[in-house]
Amino acid sequence: MIPELGHFALILALLLSVAQAVFGLAGAARRREHWMATAGAAVAGQFVFVALAFAALAYAFVQRDFSVLYVAQNSHSQLPLFYRIAAVWGAHEGSLLLWALVLAAWTLAVAAASRSLEAPFRSRVLGILGLISIGFQLFMLTTSNPFTRLMPAAAEGADLNPLLQDFALAVHPPILYAGYVGFSVAFAFACATLLEGRLDAAWARWTRPWTLAAWLFLTVGIALGSWWAYYELGWGGWWFWDPVENASFMPWLAGTALIHSLAVTEKRGLFKSWTLLLAVAAFSLSLLGTFLVRSGVLISVHAFATDPKRGIFILAFLSAVIGGALLLFAWRAPRLKSAAGFEVTSRESFMLANNALLVAALALILLGTLYPLFMDALELGKVTVGPPWFNVVFLLPMLPLLALLGVGMHAAWKRGLLGAWRRRLYAAGALSIAGALVIGAGAYGELRPATTIGFALALWVMISSLLVPITRLRARQPMPAAVVGMVVAHFGIGLATLGITGVQSFKVEKDFALGIGDTASIGGYDFRYGALREVRGPNWRGVEADVVVSRDGREVTILRPQKRAYESGGNAMTEAGIEAGTARDLFAALGDDLGGGRWSFRLQYKPLIRHVWLGAILIALGGAIAAFDRRYRLRVRSEAREAAAVAS
Amino acid sequence: MRIPLRFLVPTLGFAILVGFFVVGLKRDPGVLPSPLIGKPAPEFTLESLGDPAWKLSPADFRGRHWVFNVWATWCVGCRQEHETLLAIAREDRVPIVGLNWRDDRALALRWLGQLGNPYAAVAFDPEGRTAIDWGVYGAPETFLMDARGIVVWKHIGPMTLDAWRRDFVPRLPAPESTP
Amino acid sequence: MTPRRKRLLAVLAILVGVGSATALAMYAFNDNLLYFYNPTQVLAGDAPEGRTFRLGGMVTEGSLERTEGTLAIRFVVTDYKHSIPVRYEGLLPDLFREGQGVIAHGRLTPEGTFVADEVLAKHDENYMPPEVAESLHQPTPARVEP
């Protein structure tokens, strides 16, 4: 009964989405007050029904209703409650419903917060968001219905993929989707602006907090995914340039460029075309990512069970939305005029370089991700592009970007650097290089050019960021939230760079065959295989090893890697034993029983890796701080008052 | 309305990309698994593999869902999917009818004898004419027919339990309840 | 320096930078394109010798052998027409299983053994990698082989 109600709710949601889209766009075009108001009401209704559908599916999971096919495929009677709920978005159909829910929520937020906007513009934004909602809801109802019944009901479910029975991965999709889907707001704002044909800077001010919010969620989502892969996939890798990972990283790069471009458009009315295009691009890349992951055109360890029929639908939807937006851009954007000029050393210049470098990185990653598809389509063989290529291709634009970042933060608008900053930055530069040499030689006993450059750039960005609050406080200047946010986020980038440089330069990963009492040494640490015991969990059983880690004879920690077999599937799962630390992580994973009392182990020494994720958190935190700057809310309100005054 | 070329570049680039995606999807077996889906199963009258006097045709299976599996002893994927077919046969939800395609009768019978026989019946198509009617262009391929003899699904490539559960089982009716 | 010269210099610097970056990228690209081959293709000489590629197929039942107490592993990858022996040292992924699909990453030795530096078993135990599945779907041969 409940699943059918959920299905029905989804149908109603679709109808309301249609209403939202039609009344929103037509109402704005015809300037009909009633229609525009209807669109607003449809938003609320759509959200309610999508939420109800989601609740119905969640209920089916919680109640272990194996007469629902999707529940039977992704749940198990022994599955703990938390994971029964997380299983709702554990596979294709349910994750689409999550997409729809997140989209409805963002739309509701936009509708609520934008009452002070001019009605036609607001209406267009909601209309476009409605079109996107239609796409996802229709997709579900035609090809991916989560409420399909299984008759007769399965006696037992197939269980949630054990890889997903983990806290981080359970919350990873909602957070990631909050980011992906959130870019639809900037997208809708861009399209609405293009439709209006009135492309002033106020649009940029409106879009910025929304974009920041979406972007920060995406940052956290990506960081969570990376962290999860590190401890759960069992092999200590934290980034693989896998198509699914790239599918989330590319929108992030576009989003980063977008945030900066918005700043320029807001402040100086420049880069309007760029900003609009980036807004379209960020969400387009989100949709593209969805397509790549679900259609089967690309092969990936993480991809959902592939079904090309669904691929056709997504592709059609993708083409309509992105193609439409790009055509709109081509039609309307040429009318934009950016009059002002700027110096080579001005902030605008740095932002331009920033955009160019980010877009270059993005384009190359896109090329590498899609290359296998091109080759296959042209029947030139089945290829994958290996991680080393992505590493090179990402590094190349990032090196100049990090260098310029340190300077650009302090450049003034229009005119360029002032004298005092030059001295400070020379000092910061010298300090960074010195620091890099000290870390390289001192902490790791090795001086390599690439590593030194990496450390130097990391320190450079961090010191340069800190110079902002230091100089401002000394001069008793105020620090609005936007500036604090910028400092925190940029510092986070530096920190992440530090982590990446450290881990890539000095990590040690080796496999060993150990008998009880044997010791292996890596990275200056000794790992002794102490004992093996049997262990059990709610829906699994396995073995656990004690690995005693010591350094210079003193015990540091005991790692407890496990090998688990889940009741439902018989899939073996590796749970790594990890000791986290500011300076390094120690990692042990259990391999196989080699016979003769020996087991294979993968041992790893990972210096500075925590800073990769710590840096990411700071980046997200910076975004959050900046998003809530009072400037946006106050300015917007006073603008709206002015607009209202002018209108009356 | 004159649009400077550089503004159209993103659109054109995207269009080319979509072109590649379309080709990519089409090349993936299973996108348009068969134009036969929704149409009645093509007619045939073939000798049974084991007994030439016994003739088989789709009408023999009308009234219930049935699976039609195209296989041959020279087909490596068939060797691979054999375990899966045996498992499906054990579930006893639907009969599996085989089409032995362009094969040697003695070899085929020996194969089944050695590896196990999941089939309720096997039609022998040494010249491959029936296979052509069914749009078969490689082995193994597996079809699902409903009780009226309409082709409901086609799976290309070796059958897996994954594909069985995902694509075939949801299209089967509820089994009759036994008292 | 005049603003014009400054701009010219900047443009030149960018061009040089982009040029060398592109060169590096292209060089790295070729080295990192990993082609996929099944055992039949490898034995037919399609696969590059001395270069890394991906070998995919099914793990022959009963072929998994370990040198007891060490990390050395041997198994056979087959497409049921031809087989290639594989040598690997290290931990096997959890989803590795005889009779199931596998993709190994490595090089072919002149003796015809595939030395893997990475072994991938994807998704779940019932999943067959698409490249493997596609290579296991074949049109009729010219004549039936005895």
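User: How many aromatic pairs does a search of the whole structure find over all chains?

Analyst: The search finds 45 aromatic pairs. The model is predicted: local features need pLDDT of at least 70, side-chain atom pairs count only at pLDDT 80 or more, and totals for chains, interfaces and linings use all residues. Side-chain values use heavy atoms, without hydrogens and water.

User: How is a pair of aromatic rings described?

Analyst: A pair of aromatic rings is described by the distance of the centres and the angle of the planes. Rings of Phe, Tyr and Trp (its six-membered ring) pair if their centres lie within 6.5 Å; planes under 30 degrees apart count as stacked, over 60 as edge-to-face and the rest as tilted. The centres of Phe82(A) and Tyr83(A) are 5.3 Å apart with planes at 75°, so this pair is edge-to-face.

User: Which of these counts as buried, and which as partly exposed?

Analyst: Buried means under 20% relative accessible area, exposed over 50%, and partly exposed in between (1.4 Å probe, protein chains only). Phe82(A), at 40%, is partly exposed, whereas Tyr83(A), at 17%, is buried.

User: Which pair links distant parts of the chain?

Analyst: Trp239(A) and Phe249(A) are edge-to-face, 5.5 Å centre to centre with 65° between the planes. Trp239(A) lies in the loop between α8 (202–232) and α9 (243–268) of chain A, and Phe249(A), 10 residues apart from it, in helix α9. Helices (H or I, at least four residues) are DSSP runs, numbered from the N terminus. Phe249(A) is buried, at 12% relative accessibility. Both residues belong to one aromatic cluster, whose members include Trp215(A), Trp252(A) and Phe394(A).

Conventions: Residues are numbered from 1 along each chain as its sequence is written. Chains are lettered from A and ligands numbered from 1 in the order in which they are written. Helices (H or I, at least four residues) and strands (E, at least two) are DSSP runs, numbered from the N terminus.
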